[in-house]
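The sequence and structure come first.

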Amino acid sequence: MSNKFTVTFLGTSSAPPQVERRQSSVAIQYRNHTLLVDAGEATQVQLLKYKISFSNLTILLTHLHSDHTLGLIGLLTTRSLYNISKSITIIGPPWTSSFIFLQLLAYRLYPEYDIKVIETGGGVVMSNSDFYIESFPVSHGDNCLGYKIITHKSLGVFNVDRALEKNIPKGKKWKKLQEGYPIEVENKKIFPSEILDRSTKNQTKIVITGDTSLDDNVINNSAMADLLIHDSTYPMIEAERAKKHKHSTCTDAAFVAKRANVKKLILTHFSELHKNLAESLRDAKEIFPNSIVAYDGLEIEV
Ligand SMILES: [Zn+2]
Ligand SMILES: [Zn+2]
């Protein structure tokens, strides 16, 4: 089994349509999991084009702006047309549930599979035997999120002596700590960082910001990531506009990557004002050399 994530960019444009770029969507595949982060207008077509199955998806919505969600209802409908019976989990900010079910009602769509919605304002939202997912708030207006996807191995080495010192009973609680969840013993909270020794061995961490302006919280949450996918709506000279519209410039993104000490940065979510991407890439690389410009169809392994 592969220990690598495959990240495929399905859409790399901001809201107004562009001929060469579709609206936001990124597929992150790991073993038999497919995470779809956002579902802009042409997401279904892009899934077909890049041969990504509709059946095994977990959807993560960074926020409910239309350029990140217009493709969602179509995708849910197509799953019905394909007779897919497997349930689907959709993770998103507060209001996600009403947002989806009101649209389904308006279209009179009644999928026969279960749709499980998890609304989050931050924290661990999903965990399986391979990785866990955490959301965190970003600066793009109310209820906007970034996501971290982290393999369990990244958490470090379990220190048995320290666990015994703190009277943590062996079994479930040890497992929880190993998976990155805090536990309680004798009414005291114990965080995984108190029991695990830091180890970057086998670590894989992917951070995707969704839309955001330059934000300290993004820097904190991106710490040591293997891959940071960051809003880069505008070129450097449009810094004022970026601030006003709560987006980032290419150099904001590079600054975050540098401060967070990530391994690789991918710039995405380009506005039509962002034409000269070669120049922006140069600007970004001056701050953070391992920067890449995303395009629809870009696939990388992490
Ligand atoms: Zn957007
Ligand atoms: Zn937005």
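## Zinc site

The site of the zinc ion (ligand 2) is irregular, with angles of 90 to 171° among its four donor atoms. The donors are His-63 (NE2), His-65 (ND1), His-140 (NE2) and Asp-211 (OD), at 2.2 to 2.3 Å. A donor is an N, O or S atom within 2.8 Å of the metal (3.2 Å for Na, K and Ca), and water is not among the atoms, so sites may look incomplete.

Along the chain, the spacing of these donors is H-x1-H-x74-H-x70-D. Helices (H or I, at least four residues) and strands (E, at least two) are DSSP runs, numbered from the N terminus.

His-65 is partly exposed at 38% relative accessible area, whereas His-140 is buried at 8%. Buried means under 20%, exposed over 50%, and partly exposed in between (1.4 Å probe, protein chains only). Asp-211 also coordinates the zinc ion (ligand 1), 3.5 Å from the zinc ion (ligand 2).

## Exposed helix residue

Leu-81 lies in helix α3 (residues 72–81) and is exposed, with a relative accessible area of 66%.

## Basis

This is a predicted model: local features need pLDDT of at least 70, side-chain atom pairs count only at pLDDT 80 or more, and totals for chains, interfaces and linings use all residues. Residues are numbered from 1 along each chain as its sequence is written, chains are lettered from A and ligands numbered from 1 in the order in which they are written, and side-chain values use heavy atoms, leaving out hydrogens and water.

Key:
Four donors count as tetrahedral if all angles lie between 85 and 135 degrees; four count as square planar and six as octahedral if opposite donors are over 155 degrees apart and all others between 65 and 115; anything else is irregular.
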